[in-house]
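Please keep the structure open as I talk.

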Amino acid sequence: MGINIFWYKENKKKLDKSASNLTELNNDVQLCKKCALSSSRTNTVFGTGDNNAEIMIIGEAPGKDEDLKGEPFVGRAGKLLNEFLDSINLYRDNIFITNTVKCRPPENRNPETQEIKACAHYLDMQIKIINPKVIILLGKIAANRMLNEDKSIADLRGKKFFLQNHSIPVIVFYHPAYILRSPLQKYQVWQDLKFLKEILSSYVN
Ligand code: URA
Ligand code: SF4
């Protein structure tokens with residue numbers, strides 16, 4: 001019993017600390033003007049989910065729906081992402097979802113390398129605070145820019161990578177927006193999800 005109470009107190013302290021660190025970081029993001037995307041945004045999109053998630057998903061950039069709502073993946077691509085997660089009994093409440101940049105690029109253009117670099121500090125801090133067991137990069141743009149590669153998604157999927165300064169395994173999935181445009185590729189997502197499950201099960205001893 002004593003051990004359980006100790007465990008609870010220590011973990012509660014950790015949870016409270018992560019929550020307050022993320023709140024502070026979110027306040028910084030809301031005021032940020034480090035790149036030009038600050039001038040066209042409606043809302044910053046910090047990220048949502050579990051502050052102590054085992055899985056962190058990093059998309060590309062907020063789109064129109066996300067910019068209006070201030071939350072990631074709330075449009076059509078987000079709904080498809082939810083479906084994929086549901087299919088392996090994962091729910092957004094247990095995952096932390098964010099993007100490579102926290103402000104919407106005008107006309108949904110790809111975020112530029114300079115913008116991703118300007119925003120990297122926030123993402124780095126989110127990874128450090130949340131300390132997930134696995135990070136998923138969604139799509140070629142996020143993957144190539146985050147991993148400093150210039151490869152096709154076919155070359156990047158099904159492998160483990162590491163981000164600079166982090167020892168957490170990173171894997172690459174098709175972006176759900178790509179699957180919306182190319183529904184015949186949907187079967188490949190099951191392979192991505194299977195790979196994720198394998199990595200997660202390797203933590204269970
Ligand atoms: N696409 C992304 O990459 N991120 C979002 O938040 C929404 C759509
Ligand atoms: Fe700041 Fe990132 Fe928004 Fe650029 S995209 S203004 S770096 S929060």
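The lining of the largest pocket draws at least two residues from each of helix H2 (64–69), H3, helix H5 (139–147) and helix H7 (176–181), and H7 provides the largest share, four residues. Helices here are DSSP runs of H or I with at least four residues and strands are runs of E with at least two, numbered from the N terminus.

Before I go on, this is a predicted model, in which local features need pLDDT of at least 70 and side-chain atom pairs count only at pLDDT 80 or more, while totals for chains, interfaces and linings use all residues. Residues are numbered from 1 along each chain as its sequence is written, chains are lettered from A and ligands numbered from 1 in the order in which they are written, and side-chain values use heavy atoms, with hydrogens and water left out.

The largest pocket has a volume of about 620 Å³, and of its 26 lining residues Glu60, Ala77, His175, Ala177 and Arg181 are the closest to its centre. On a 1 Å grid over the protein atoms alone, a pocket is an open set of points with protein on both sides within 12 Å along at least five of seven lines, whereas a cavity is a set where a 1.4 Å probe fits but cannot get out, and lining residues have an atom within 4 Å of a point. Points are joined across faces, edges and corners, and a volume is the space filled by probe spheres set on them.

By class, this lining divides into eleven nonpolar, seven polar and eight charged residues, where Ala, Val, Leu, Ile, Met, Phe, Trp, Tyr, Cys and Pro count as nonpolar, Asp, Glu, Lys and Arg as charged, and the others, Gly among them, as polar.

The second largest pocket, of about 510 Å³, is lined by 19 residues, with Ile116, Arg145, Met146, Leu147 and Asn148 nearest its centre; H4 gives the most to this lining, seven residues.
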